[in-house]
Every structure is written in structure tokens, then in C-alpha cells.
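Work through the exercises below with the sequence and the coordinates at hand. Each task sentence is followed by a solution in steps.

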Amino acid sequence: MTVSGVVVTHGPHPDLDQCLAALSRQVDDLVVVANVPLELELPPNARLVENDRPRGFGANVNRGVSETRGEFVVVANPDTDPQPDAVAILLDFAATRPRCGIAGPQLRYPDGCWQPSRRRFPTVRGTLVRRTPLRYVARPFERQRDHYLLDERPAAPVSADWMLAAFLLLRREMLDELGGFDEQFRLYGEDIELCYRAAKAGWERWYVPEAVVTHRYAAEIDRKLLTRHTLWHLRGIARFVRKHPERLRAL
């Protein structure tokens with residue numbers, strides 16, 4: 001089976017060269033989507049696609065996917081660095097499971113510590129705590145252990161509600177069926193929403209910890225509350241609820 005790579009960048013990034021070098025060795029072809037004009041020295045099997053105007057993350061990923069032909073597509077952030085066998089492990093796993101639409105690796109911080117990338121679908125109460133000033137009192141990362149699955153460190157593949165889109169293997173058949181990422185999300189929430197639609201359509205999402213990827217993870221919205229990133233996140237939440245109002249029952 002063939003696998004393509006898509007990396008979206010919003011400008012010069014200190015980790016981008018390392019990401020492209022590591023990923024290009026593991027995929028059949030690689031497309032870099034530049035949200036703004038950018039000069040890059042690319043690996044031999046990579047090519048650059050530039051936007052004429054900035055677009056949201058989902059729209060950029062969809063464009064990158066449309067420029068590739070692999071049966072699977074790895075979507076990777078510029079701040080990720082996959083171990084040499086990471087893509088092969090994810091591909092081998094997904095290839096034997098026809099309904100596996102999404103497979104995600106174990107993410108680690110640059111210091112080697114485990115990063116909780118596999119999470120439960122959000123609830124109303126939990127979202128209010130995480131994305132309002134209540135977070136400073138309730139300390140969601142400590143008290144919402146069930147959302148972040150902090151007490152689960154599986155050593156073998158397990159199913160997932162959703163996983164961070166920092167690095168995901170996606171089946172093209174699933175993307176074609178679902179219409180890819182929702183392009184109305186500017187940034188934040190599009191990975192949750194894609195996984196939710198996948199679940200409703202009967203596509204499996206799997207966390208495969210044997211595949212390991214280092215992720216720097218800026219976590220902009222976790223460090224600062226009132227920024228444009230916060231606004232994008234709140235708009236993403238609102239769109240998710242409009243599309244899937246049944247989630248309002250998940251208190």
C-alpha cells in the first residue's frame with residue numbers, strides 16, 4: 001500500500017527541516033502546503049504548494065491531500081519528528097483493518113516524556129472548565145483525568161475517540177467518504193470533528209503506541225486565555241455543537 005505525506009506550514013519554522021527530512025524517508029510522496037509564500041529546500045520526493053491567501057488548517061490539509069495519490073495520507077505538523085519506523089508501524093496496523101480510518105502514534109515531548117494525545121470526545125462541562133477562566137481554579141489537566149486519559153498508558157493498540165492531528169495516518173477512502181476536514185474550522189477542533197464524523201460513519205480510530213513521534217506542542221490556547229487562538233477555538237466549539245447538537249446531552 002502507498003502512503004503520502006502532507007505538512008502544513010504557516011511560515012518559517014525552526015523544526016520544519018527536521019520534520020521534512022524524517023517524514024520524506026517514510027512516505028512515497030510528500031506535499032508541503034505553505035499558507036503564506038515560503039522558500040524551502042525540499043527533499044527529492046517533496047514538492048511545495050503555496051496559497052494565494054491564508055486559509056484554515058482543515059482547508060490546507062484538504063488541499064494537500066488532493067495533491068497526493070497514496071491510499072493513506074500522513075498529516076504532520078512542522079513541530080513533529082517521527083522515529084524511522086513510525087509510519088511503517090501505523091501503515092502495517094491500518095492496512096490489516098479495513099475499517100481503520102485513522103491511526104495515531106504515541107506522541108512524546110522533546111524531553112522524552114509521554115504526551116496525552118488520545119482523548120475522549122468533549123463534554124459541555126469539561127469544555128467550559130478548560131476554555132474559560134474556570135481553568136485557573138479547577139485545573140482541568142489535573143481534575144479531568146478521564147478526558148485526557150491520563151491514567152491509561154496502553155502498550156498495545158487501543159481504540160480512541162479522537163487524537164491530536166499533530167500526526168495522524170488517514171485512510172483516503174474515509175476522507176473521500178466524509179469529504180475531508182471541515183474547512184469552516186479556522187484552527188482547533190477540526191481533528192475532533194473529523195474523528196466524530198468518522199465514528200458516526202463506522203470508521204475506527206486507533207492509538208498505536210509502538211509508533212513514536214516527538215511533538216514540540218506549542219499549546220498556545222493552554223498557556224494564554226485571551227488571544228486570537230482562543231477566539232478560533234471558541235468558534236470551533238460553536239461550529240462543532242451546531243453540526244452535532246446531540247453532544248449537548250454529554251454534560
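**Exercise 1. Which side chain makes a polar contact with the side chain of Q115, and is Q115 buried or exposed?**

Step 1. The side chains of Q115 and H215 are joined by a polar contact of 2.7 Å. A polar contact is a pair of N or O atoms within 3.5 Å; within protein, one must be able to donate a hydrogen and the other to accept it, and residues adjacent in sequence count only if both atoms are side-chain atoms.

Step 2. This is a predicted model, in which local features need pLDDT of at least 70 and side-chain atom pairs count only at pLDDT 80 or more, while totals for chains, interfaces and linings use all residues. Residues are numbered from 1 along each chain as its sequence is written, and side-chain values use heavy atoms, with hydrogens and water left out.

Step 3. Q115 has a relative accessible area of 1% and is therefore buried. Buried means under 20% relative accessible area, exposed over 50%, partly exposed in between (1.4 Å probe, protein chains only).

Step 4. Not counting residues up to four places away in sequence, Q115 touches L107, R108, Y109, L164, H215 and Y217; contact means heavy atoms within 4.5 Å.

Step 5. Q115 belongs to strand β7. Helices (H or I, at least four residues) and strands (E, at least two) are DSSP runs, numbered from the N terminus.

**Exercise 2. Describe the pairing of strand β6 (residues 100–108).**

Step 1. Begin with β7 (residues 114–115), which pairs with β6 in the antiparallel sense over two bridges. Two strands pair if DSSP finds at least two bridges between them. R108 stands opposite W114 in β7.

Step 2. The hairpin of β6 and β7 has five residues between the strands, and G112 takes a positive phi near 95° there.

Step 3. Strand β12 (residues 204–215) runs parallel to β6, with eight bridges joining the two. P105 has V208 of β12 as its bridge partner.

Step 4. Strand β11 (residues 167–171) runs antiparallel to β6 and is joined to it by two bridges. Here A103 is opposite L169.

Step 5. Eight of the nine residues of β6 are buried, so the strand is largely enclosed by the rest of the structure.

**Exercise 3. Which residues have the most contacts inside the largest nonpolar core?**

Step 1. They are V3, V7, L23, V74, I102, F167 and L169, in a core of 67 residues. Helix α3 (residues 86–95) gives the most to this core, with seven residues. A nonpolar core is a set of buried Ala, Val, Leu, Ile, Met, Phe, Trp, Tyr and Cys residues joined through side-chain atoms within 4.5 Å.

Step 2. Take V3: leaving aside its neighbours within four places in sequence, V3 is in contact with residues including F72, V74, V87, L91 and L169.

Step 3. In soluble globular proteins, nonpolar side chains tend to be buried together.

**Exercise 4. How are the rings of F121 and Y196 arranged?**

Step 1. A search of the whole structure finds four aromatic pairs. Rings of Phe, Tyr and Trp (its six-membered ring) pair if their centres lie within 6.5 Å; planes under 30 degrees apart count as stacked, over 60 as edge-to-face and the rest as tilted.

Step 2. The ring centres of F121 and Y196 are 5.1 Å apart and the planes are at 85°, so this pair is edge-to-face.

Step 3. F121 lies in the loop between β8 (118–119) and α4 (124–130) and Y196 in helix α9, so the pair ties together parts that are 75 residues apart in sequence.

Step 4. F121 and Y196 are both buried, and together with F240 they form one aromatic cluster.
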